[in-house]
Amino acid sequence: MFESKSGVLVIAGLAFFIFAFIVMGALPWTIYKDQPELTALELADRGLTHEFVGLAEQFPERFAEYFGDVTPGAFAEALTLGRDVYVAEACWHCHSQFVRPVAREDIRWGPVAHAREYSNELQRPVLFGTRRVGPDLSREAGRRSNDWHIAHFYDPTSVVPLSVMPRYTWFFDENRVPNKKGMAVISFVQWLGCWVDEYPYYEEGLYSNPAPMPSAGADDELAKHGDAVDEKA
Amino acid sequence: MTTIAAGPPRVAGLDRAESLPLVNERVVLCYFVASFTFFIIALLAGLAYSLTFLQSYPFAGIEWLSPGRVRMLHTNGLAYGFIANAFLGGLHWAVPRLTLRSVLSDKLSWLIFVVWQLIVLSTAVGLLAGEAQAVEWGETPVWIDPVAVLGLLLVGANMLTPVIRFKGPMYVSLWYFIAALVWTALTYTMGNFFPQYWIGGTASGAIIGLFIHDLVGLFVTPIGWGLMYYFVPIILKKPIWSHGLSLVGFWGLAFFYPLNGIHHFLYTPIPMFLQHGAILATIAVELVVTTVIVNFFATLRGSGDALRTNLPIRWFYVGMVFYFTTCLQCAFQVTLTFQRIIHFSDWVVGHAHLVMFGVFGFWILGMMTYLFPRLVGASGWYSAKLNSWHFWLSAIGMLVMVLDLTMAGLVQGFAWDALMIWEETLRASTPFWLVRTYAGGAMILAQFLFLYNMVKTASMGRNGAAVSGGIVSGGKIDV
C-alpha cells in the first residue's frame with residue numbers, strides 16, 4: 001500500500017489533501033458561514049464617510065464626472081474600485097489589515113481585529129497581509145485628512161521624509177487632482193476601520209487612549225466591538 | 001536491495017541519438033533555457049524592488065514598473081517561470097528513465113511547453129498591467145487561472161502515463177512525482193478559485209494560508225526531493241542509505257505538510273484551536289524533514305570528497321543544509337512566542353529567500369550544472385572556474401542575505417513591540433536593507449557568470465570542440 005501507485009495516488013495525493021482541506025479550510029468556513037457577507041452597496045448603505053463626502057465637496061466637477069451624485073451607489077463603486085487598485089498596486093504586500101492581540105498592537109493601532117469585520121465583499125479574498133513595511137491600515141479611516149493622502153500618494157516623502165513608499169503619480173490628472181483611481185483608493189483607505197469608535201494617534205507616539213487588553217472579559221470586549229460594527233456607519 | 005531501489009536504471013548512454021527515443025533532450029534543454037531566462041528577469045525585478053527600500057528605485061513614477069507590481073513579477077516569475085520550468089525539464093529527464101517508458105506524447109510535451117511559457121508571460125504582463133489577484137504567490141490574473149489548471153492537468157496526463165504503464169516496484173522519486181502532480185493541480189485550483197468565488201472573509205484567509213504553504217510544500221518540495229532521490233544516487237553511484245527512512249520521509253510529508261497552512265495567519269481572527277493545530281503540524285514536519293536529511297547524509301558517508309570534487313553534489317548538499325536550517329527555523333518561528341515579535345518583519349522575508357533560492361534554487365542550479373553540457377552536446381563546461389565562482393557567490397550572497405534579514409526582522413519586531421514611532425523603525429531597518437541589496441547583487445552577478453558560461457559551453461557543443469579541463473569540478477558527465 002505504501003509503495004503502490006494507487007496507495008500513493010489515492011491516500012497521499014487525494015485523501016490526505018482532502019482531509020487537510022476539510023480540517024484547515026472548510027472548518028473555519030463552517031464557523032463563519034452564519035455571518036452574512038455584505039455587498040459593497042450594503043456597506044455603503046450604512047452611511048457615507050466624511051472623507052468621501054469631502055472629496056465630492058473639494059473636487060465637485062471631477063467627482064461628478066467620475067462617480068455622479070454623492071450617493072451610497074457612488075460610494076460602493078468607489079470602494080470597489082479602490083479595493084481593486086489597492087490589490088493591483090500590491091498595497092497589501094506592505095500594509096497589513098489586522099490588529100493582533102499581542103506585541104502591544106492594540107495600543108498602537110486600536111481594537112484587535114474581529115472576524116465580523118471581514119465578512120464583506122471587499123474582503124474577498126481577505127486582505128490580512130503578511131508583511132508590514134508601512135503601518136497597518138485597518139484602523140486608518142479619518143486618521144489623516146484627504147489632503148494628506150493626496151500629497152502622500154503623489155510623493156510620500158513630501159509628508160513622511162523617511163517613507164519608502166512608491167509614488168503613485170498615475171492616481172492624478174495633469175493638474176495633480178486625484179483622478180478616478182486616486183479618489184477611489186483614498187475613499188477605500190479612508191473607509192478602513194470607520195466602523196470602530198475610536199483609536200489612538202500612534203503617529204505622534206501618544207498612546208494615551210489604549211483599548212483594554214483582551215485578557216479578562218475578552219468576550220465582552222469583542223461583543224461590544226461587534227455591536228459597534230452593526231451600529232456604526 | 002533491488003536494482004530499482006539502488007537507483008534508476010541506466011538506459012540512456014552517452015550517445016545522444018541512442019537516448020532520444022526515451023527522453024526528448026530538446027524539451028529538457030528548452031525548459032532549462034526558459035527557466036533560466038525567467039530566473040534572470042525575476043532576480044533583476046527583485047534587485048530593482050530592493051532599491052525602493054533605499055529610496056532609490058530607478059523607475060519611480062512609471063506605472064507599469066511600479067515597485068509593488070515588480071515585486072509580484074519577482075515572486076511569480078520565480079515560482080512559475082524559474083522553478084516550474086526547471087522542474088518540468090527535470091521531470092522530462094527523470095520520469096522516462098525511472099519507468100523505462102517515454103512520456104505520453106512528444107507533441108503534447110511541446111504543446112505544454114509553449115502553453116506554459118504563454119501562461120508565465122501573460123502572468124507577467126497582467127501583473128505589470130495591474131490585473132493582480134489578491135492571493136499571495138497566486139497573483140496570476142483570474143483570467144489565466146483556468147488555463148493554468150488545464151496546463152497542470154496536461155502535465156499530469158503526460159507524466160503519469162509512463163508511470164501507470166510501468167510495472168514493478170516504484171523507486172522513491174516516483175512516489176513524490178505522482179503525489180506532487182496530483183497535489184499541484186488541487187492546490188492551484190483551491191487557492192485561486194475558492195477564496196475568489198466561493199469563500200470570503202476570515203475563512204478565505206485560512207484557504208489562502210493553505211495555498212501559500214501547499215505551493216511550497218506540495219508542489220515545489222516533493223518534486224525537488226524526488227529529483228534529489230534521483231540525481232544523488234546516480235552521481236554518487238551508490239544506493240540511498242535507507243529505504244525505510246525514504247518511506248517515513250514521504251508519508252510524513254504527505255500527512256503533515258498539508259495541515260500547515262494556517263500558520264501564515266497566526267493571531268488573526270481565524271479560530272485559535274486551528275492555529276494551534278497548524279503549529280503542531282509544522283513542528284511535526286521538522287521531525288519528518290530530519291529523517292530525510294539523515295538519510296541523505298548517511299548516503300554521502302564515505303563519499304564526502306564529492307562535495308569538493310563534484311559541483312552538482314555540492315549544490316545539492318548545500319541546498320539540503322539550507323533546507324534543514326530553514327525547516328528548523330520554521331519549527332521555532334511558527335510558535336506563538338516567536339510570532340509575537342517576528343511576524344510582519346523581514347525575518348519572514350529572509351526565510352522565504354532561504355527556501356526558494358537557497359534550497360530549490362540550489363538544487364535546480366546543481367541539476368543544470370550537471371545536465372547542461374550534455375544537453376547541448378558539449379563534453380564538459382567551458383570554464384570550471386566560472387562554475388566555481390557561480391557557486392561561491394550564490395552561497396555567500398545567500399548566507400549574508402538570510403543572516404541580514406533575520407537580524408533586521410528581530411530589530412523591527414522589537415522596535416514595533418516597544419512602540420517606537422513608525423518612521424524611526426524605517427531608519428533602524430535601512431542598514432539591513434542596504435546589505436540585503438548588496439547580497440542580492442552578488443547572487444545575481446553569480447547567475448550572469450553562469451549565463452556566460454552556458455553560452456560559451458553551448459557554442460562549444462555546436463562546434464563539437466574538444467574540451468580541456470573544466471570537467472572535474474564542472475559537473476561530471478559519467479552517468
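Residues are numbered from 1 along each chain as its sequence is written, and chains are lettered from A, with ligands numbered from 1, in the order in which they are written. In this predicted model local features need pLDDT of at least 70 and side-chain atom pairs count only at pLDDT 80 or more, while totals for chains, interfaces and linings use all residues.

Biologist: What is the mean pLDDT of chain B?

Modeller: pLDDT is the predictor's confidence in each residue, from 0 to 100. Residues 1-20 of chain B fall below 50, as do residues 466-479. In chain B 92% of the residues reach 70 or more, and the mean pLDDT is 92.

Biologist: How many helices does chain B have?

Modeller: Helices (H or I, at least four residues) and strands (E, at least two) are DSSP runs, numbered from the N terminus. Chain A has 9 helices and 0 strands. Chain B also has 0 strands, and its helices number 15.

Biologist: Why is chain B called as compact as a globular protein of its length?

Modeller: The radius of gyration is taken over C-alpha atoms, and the globule rule is 2.2 Å times the number of residues to the power 0.38. For 479 residues the rule gives 23 Å, and chain B is as compact as a globular protein of that length because its radius of gyration is close to this, at 22 Å.

Biologist: What share of chain A counts as buried?

Modeller: A residue is buried if 20 or more other C-beta atoms lie within 10 Å of its own, exposed if 12 or fewer, and partly exposed in between, with C-beta atoms placed from the backbone. In chain B buried residues make up 59% of the 479. Of the 233 residues of chain A, the buried share is 48%.

Biologist: How many residues does chain A bring to the contact with chain B?

Modeller: Two residues are in contact if their C-beta atoms, placed from the backbone, lie within 7 Å. Chain B supplies 72 residues, and chain A supplies 63.

Biologist: Is B:Leu375 buried or exposed?

Modeller: B:Leu375 lies in helix H13 (residues 346-375) of chain B. Leaving aside neighbours within four places in sequence, B:Leu375 is in contact with B:Glu25, B:Val28, B:Leu29 and B:Phe32. Because 22 other C-beta atoms lie within 10 Å, B:Leu375 is buried.
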